[in-house]
Amino acid sequence: MPNKHTNEWTTDIILIDIINFSKLKVASQLEIINFLTLSYKKMIKKMLKNSNMQLSNLILGYISTGDGFYCILNPKLKGYGTILGLSFNYFSEHIGKKFSYFEGLRIAIHTGEIYEFIDILGHKNYIGDGLNDCARYLEIKDYTISTIMVSNIAYDNLKIFLDKNQKFNTLLLKSEFKYSSPYIFHDKHGSKKEGRLVWLRKAGIITPPDINFNSML
């Protein structure tokens with residue numbers, strides 16, 4: 001729920017990280033980040049067309065990290081972040097076929113607090129513990145490329161979303177949605193983290209629900 005006085009939002013945050021991006025030559029870095037950005041842009045346009053919504057209705061913010069990006073969802077779509085992350089992960093195999101040096105993506109999903117501010121260029125930007133906590137979920141040592149890491153709170157919001165949108169529950173069942181037993185680990189700061197690895201045996205793109213976006217509430 002947003003706090004209108006502080007521009008505070010609690011929503012799903014998706015972090016995409018290109019494995020060993022910093023070890024690539026600059027030309028390869030530019031090539032892969034351009035391809036990844038264009039591929040996701042095409043995917044999102046297709047999703048928006050099928051769901052009859054504007055880009056600003058789906059994504060609240062986009063923040064580059066250098067070797068990937070954060071994607072911050074509209075709070076009204078809380079719970080859908082895990083599904084969007086699985087859709088993003090679908091492209092990993094296609095990228096690997098095109099670029100031999102590509103080692104895969106790591107993707108984390110977390111539901112947390114972010115704060116909106118206007119940067120020096122007059123653009124909306126975001127900071128907050130939600131972003132930092134999301135990054136911590138990529139520190140798990142047993143991470144598998146074909147999966148995504150979902151924090152406990154994001155997983156709980158996924159279940160709430162599926163209860164409200166039974167069609168998506170059916171779609172995940174058809175795609176053979178799987179999840180691991182709970183993981184408990186400590187991040188580099190010593191903080192305890194809990195989450196699950198999730199994946200689809202039949203990967204693909206699952207478009208967001210067509211809902212009323214007259215407000216962010």
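I started in the loop between helix 7 and strand 7, where E176 lies. Helices (H or I, at least four residues) and strands (E, at least two) are DSSP runs, numbered from the N terminus. This is a predicted model, so I kept its limits in mind: local features need pLDDT of at least 70, side-chain atom pairs count only at pLDDT 80 or more, and totals for chains, interfaces and linings use all residues. Residues are numbered from 1 along each chain as its sequence is written, and side-chain values use heavy atoms, with hydrogens and water left out.

**Positive phi**

I looked up the phi of E176. It is positive, about 60 degrees, although E176 is not a glycine. Most residues other than glycine have a negative phi. E176 counts as partly exposed, because its relative accessibility is 27%. For the terms: buried means under 20% relative accessible area, exposed over 50%, partly exposed in between (1.4 Å probe, protein chains only).

I then turned to N20. Its phi is near 55 degrees, again a positive value in a residue other than glycine. N20 is found in the loop between strand 1 (8-18) and helix 1. At 30% relative accessibility, N20 is partly exposed.

**Helix 6**

Next I took helix 6, residues 152-164. Helix 6 has 13 residues and reaches 19 Å from its first C-alpha to its last. The expected figure is 18 Å at 1.5 Å a residue, and the model comes close to that. That expected span is 1.5 Å times one less than the number of residues in the helix.

Which residues of helix 6 are buried? I found A154, Y155, N157, L158, F161 and L162. They cover an arc of only 160 degrees around the axis, so they sit on the same side of helix 6. The arc is that of the directions from the helix axis to the C-beta atoms. On the other side of helix 6, D163 and K164 are exposed.

What do the buried residues of helix 6 pack against? I noted helix 3 (81-89), strand 4 (105-118), strand 6 (148-151), helix 7 (166-174), strand 7 (177-179) and strand 9 (192-200). Contact here means heavy atoms within 4.5 Å.

**Nonpolar core**

I looked up the largest nonpolar core. A nonpolar core is a set of buried Ala, Val, Leu, Ile, Met, Phe, Trp, Tyr and Cys residues joined through side-chain atoms within 4.5 Å. The largest one has 65 residues. The members that touch the most others are I16, L58, Y80, I83, L84, F88 and I107. Helix 1 (residues 26-51) gives this core its largest share, eight residues. In soluble globular proteins, nonpolar side chains tend to be buried together.

Leaving out residues up to four places away in sequence, I83 touches L158, F161, L162, F168, L172 and I206. Of these, L158, F161 and L162 are among the buried residues of helix 6.

**Strand 6**

Beyond four places in sequence, M149 is in contact with I107, A108, I109, Y137, I140, Y143, Y183, F185, G195, R196 and L197. M149 and D67 are 82 residues apart along the chain, and their C-alpha atoms are separated by 18 Å.

S151 also lies in strand 6. Its relative accessible area is 0%, so S151 is buried. Neighbours within four places aside, S151 is in contact with I109, H110, T111, Y137, E194 and G195.

Is D17 buried or exposed? D17 is buried, with a relative accessible area of 10%. It is found in strand 1. Not counting residues up to four places away in sequence, D17 touches D67, G104, L105, R106 and L138.

E113 is found in strand 4. E113 is partly exposed, at a relative accessible area of 35%. E113 touches E8, W9, T10, G128, D129, G130 and L131, with residues up to four places away in sequence not counted. The C-alpha atoms of E113 and T11 are separated by 6.7 Å, although the two are 102 residues apart along the chain.

**Largest pocket**

Last, I looked up the largest pocket. Its volume is about 390 Å³. A pocket, on a 1 Å grid over the protein atoms alone, is an open set of points where a 1.4 Å probe fits, with protein on both sides within 12 Å along at least five of seven lines; lining residues have an atom within 4 Å of a point. Grid points are joined across faces, edges and corners, and a volume is the space filled by probe spheres set on the points.

The lining has 17 residues, and K41, I44, L55, I59 and Y62 lie nearest the centre. Helix 1 supplies the largest share of the lining, six residues. Helix 1, strand 2 (59-64) and strand 5 (124-127) each supply at least two.
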